[in-house]
Amino acid sequence: MIDLHAHTTASDGSFTPTELVQLALSLGLTALAVTDHDTIDGVPEAVEAAAMTGTLEVVPGIEFSVDYIHGEFHLLGYFVDVAQPAFLSRVRYLQENRFNRNQVMVRLMQEQGFEITLADVEAEAGGGQIGRPHMARAMMRKGYVQSVQEAFNEYLADGKPLHVPKVKLDPAEAIELVHAAGGVAVLAHPRFLGFSARDELFTELTRLRALGLDGLECYYSQHSSEQTETYLGMAAELDLVVTSGSDFHGVSKPDVPLGVVFQGKPGAPELLERLRARRNERQIVVAP
Ligand code: AMP
Ligand code: MN
Ligand code: MN
Ligand code: MN
């Protein structure tokens, strides 16, 4: 049984890569993808922790934030070679942009009268990449808000006073980067794309498919059975590989356990084999 969507302390998850691997093993998972937001820093440790066990495959992954008509959607890259130069340099660039953005956002907080320093926010991130969830936690810890959600609603959500946009890839570039790194590109949690009409989502998926999109995360912890059926139909129609992921974050999203994706269960191993087959087909096509 597999879970192809999980975060570590390298982004906004609360488990270190080693702890995540241990949890996956204790649940009896046979494959786990590490898919942190815009970073691959958690991958090497997870791969190493799993290599010693021999029963768990760690799929190297990333979850890119991508610019589109409704703001941002998330693109999962699987089987990426984390050392590929073009891929790595773009990922580093995104991290530098976040570094600058964090400084600007902390300054805005201070101008609003919050006594919060960059060190306070860093402490929430435990050494990993900093994002708005860590700022929200720092605000809560200091008693400025009652909950992380309140911090977003009042200050940090898009359009709110403390929000500073981050650099996002455009869809074509994000897909190309994943392919350049030898990976496959999968659209994450389609329910969050904000298309209420089926036709609109289908049109967007058709456009992304033409740009090289390989797969669709049809099975997702927060998709209803009905949504899952709709997305499975679209994936079949567009020849997109189906994936399955929980989006585990640990205590940052306590209602989303690892390995619980659809009807209380993890994904089936065949899904990973189809994804691997698509990766292999793609490599044959791009080989000189
Ligand atoms: P960042 O990458 O720093 O822009 O932070 C993005 C993360 O913040 C997302 O992955 C979510 O976990 C969280 N987030 C974004 N918008 C909201 C919102 N309106 N309410 C709660 N959490 C949010
Ligand atoms: Mn997140
Ligand atoms: Mn996401
Ligand atoms: Mn995610």
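Modeller: A nonpolar core is a set of buried Ala, Val, Leu, Ile, Met, Phe, Trp, Tyr and Cys residues joined through side-chain atoms within 4.5 Å. Buried means under 20% relative accessible area, exposed over 50%, and partly exposed in between, with a 1.4 Å probe and protein chains only. The model is predicted, so local features need pLDDT of at least 70 and side-chain atom pairs pLDDT 80 or more, while totals for chains, interfaces and linings use all residues. Residues are numbered from 1 along each chain as its sequence is written, chains are lettered from A and ligands numbered from 1 in the order in which they are written, and side-chain values use heavy atoms, without hydrogens and water.

Colleague: Which residues have the most contacts inside the largest nonpolar core?

Modeller: They are F64, L75, Y78, F87, L213 and L275, in a core of 64 residues. Its largest share, 6 residues, comes from strand β3 (residues 57-68); strands (E, at least two residues) and helices (H or I, at least four) are DSSP runs numbered from the N terminus. A second, separate core of 19 residues includes M109, I130, M135 and Y155.

Colleague: What is F64 in contact with, leaving aside its neighbours within four places in sequence?

Modeller: Contact means heavy atoms within 4.5 Å. Among the residues that meet this for F64 are D38, F73, H74, L75 and F87.

Colleague: What makes a residue a donor of a metal?

Modeller: Donors are N, O and S atoms within 2.8 Å of the metal (3.2 Å for Na, K and Ca); water is not among the atoms, so sites may look incomplete. H74 lies in strand β4 (residues 71-78) and H189 in the loop between β5 (184-187) and α8 (198-210), so the pair ties together parts that are 115 residues apart in sequence. Both H74 and H189 are buried.

Colleague: Which protein donors does the manganese ion (ligand 4) have?

Modeller: H5 (NE2), H7 (NE2), E63 (OE) and D247 (OD), again lying 2.1 to 2.2 Å from the ion. H7, in the loop between β1 (2-6) and α1 (17-26), and E63, in strand β3, are 56 residues apart. The manganese ion (ligand 2) is 5.0 Å from the manganese ion (ligand 4).

Colleague: How do you know that the charged end of R279 sits over the ring of F79?

Modeller: The rule asks for NZ of Lys or CZ of Arg within 6 Å of the ring centre and within 35 degrees of the ring normal. The charged end of R279 is 4.6 Å from the centre of the F79 ring and is counted as sitting over it.
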